[in-house]
Amino acid sequence: TMREGDRRAVETFENAMVDIPQVVQAQRLFGDPDYLLHVIARDLPSFQQLYDEKLSALPGVQRLSSTLVMKTVVPERSFLPLGK
C-alpha cells in the first residue's frame, strides 16, 4: 500500500520496482492494496532479506503484507471461454 497516490509517487515506485529481479510480476490494483507483487526467493531467510532490504525500501511504501503459497492446487492454465 502506498503513502501517496499521485502520478509522481506512482511513477517513482514503479520505476524502482522494475530494478528488483526477484519481482517476477507486479500489478497495480483498484482498491487496497495498491499493488500485488509476485516475488521469488530461494528460502524464508532470502525472502526476509528481500523484504527488509528491498521491498520495504521502495519509495512511497506505507505498508507491506505478505502471503506465502503453501501448495499449488490448480496450476496456471490458459483461459477457456465460458460456455464451451
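Biologist: Is Asp 32 buried or exposed?

Modeller: Asp 32 is exposed, with a relative accessible area of 56%. The cut-off for exposed is over 50%, so Asp 32 passes. Keep in mind that this is a predicted model.

Biologist: Which side chain does Asp 32 meet in a salt bridge?

Modeller: The partner is Arg 63, at 3.1 Å, N to O. Asp 32 sits in the loop between β1 and β2, while Arg 63 sits in the segment after α2, so the bridge ties together parts 31 residues apart in sequence. Arg 63 is partly exposed, with a relative accessible area of 39%.

Biologist: How many salt bridges does the structure hold?

Modeller: One.

Biologist: Let us step back. What is the secondary structure of the chain?

Modeller: There are two helices and two strands. Along the sequence they follow the pattern α-β-β-α.

Biologist: Now the rings. How many aromatic pairs does a search of the whole structure find?

Modeller: Two. Take Phe 13 and Tyr 35: their pair is tilted, 4.6 Å centre to centre, with 50 degrees between the planes. Phe 13 belongs to helix α1 (residues 7-18) and Tyr 35 to strand β2 (residues 35-39), so this pair ties together parts 22 residues apart in sequence. Both Phe 13 and Tyr 35 are buried.

Biologist: And which residues form the other pair?

Modeller: Phe 47 and Tyr 51. Their pair is tilted too, at 6.0 Å centre to centre and 55 degrees between the planes. Both lie in helix α2 (residues 44-55), four residues apart, about one turn of the helix. Here is the general idea: an α-helix has 3.6 residues a turn, so residues three or four places apart point the same way.

Biologist: How do Phe 47 and Tyr 51 count, buried or partly exposed?

Modeller: Phe 47 is buried, at 16% relative accessible area. Tyr 51 is partly exposed, at 24%.

Biologist: Which residues are buried in α2?

Modeller: Ser 46, Phe 47, Leu 50 and Leu 55. They cover an arc of only 100 degrees around the axis, so they lie on the same side of α2. The face turned away from that buried side carries the exposed residues Leu 44, Pro 45, Gln 48 and Glu 53.

Biologist: What covers the buried residues of α2?

Modeller: The cover includes β1 (23-28) and β2.

Biologist: How should I read a nonpolar core?

Modeller: Start with the general idea. In soluble globular proteins, nonpolar side chains tend to be buried together. Here the largest nonpolar core has 11 residues, among them Val 10, Phe 13, Met 17, Tyr 35, Leu 50 and Val 61. Helices α1 and α2 each supply at least two residues of this core. The largest share, three residues, comes from α1.

Biologist: Leaving aside neighbours within four places in sequence, what is Phe 13 in contact with?

Modeller: Met 2, Tyr 35, Leu 58, Pro 59 and Val 61. Tyr 35 is also its partner in the aromatic pair.

Biologist: Last, the whole chain. What is its radius of gyration?

Modeller: The chain has 15 Å, whereas a compact globule of 84 residues would have a value near 12 Å. The C-alpha atoms fill a box of roughly 45 × 35 × 20 Å along the principal axes. Buried residues make up 19% of the 84 residues. Among contacts with a separation of 6 or more, 42% join residues 24 or more positions apart.

Technical notes
Residues are numbered from 1 along each chain as its sequence is written. This is a predicted model: local features need pLDDT of at least 70, side-chain atom pairs count only at pLDDT 80 or more; totals for chains, interfaces and linings use all residues. Side-chain values use heavy atoms; hydrogens and water are left out. Rings of Phe, Tyr and Trp (its six-membered ring) pair if their centres lie within 6.5 Å; planes under 30 degrees apart count as stacked, over 60 as edge-to-face and the rest as tilted. Buried means under 20% relative accessible area, exposed over 50%, partly exposed in between (1.4 Å probe, protein chains only). The arc is that of the directions from the helix axis to the C-beta atoms. Contact means heavy atoms within 4.5 Å. A salt bridge is a side-chain nitrogen of Lys or Arg within 4 Å of a carboxyl oxygen of Asp or Glu. A nonpolar core is a set of buried Ala, Val, Leu, Ile, Met, Phe, Trp, Tyr and Cys residues joined through side-chain atoms within 4.5 Å. The radius of gyration is taken over C-alpha atoms; the globule rule is 2.2 Å times the number of residues to the power 0.38.
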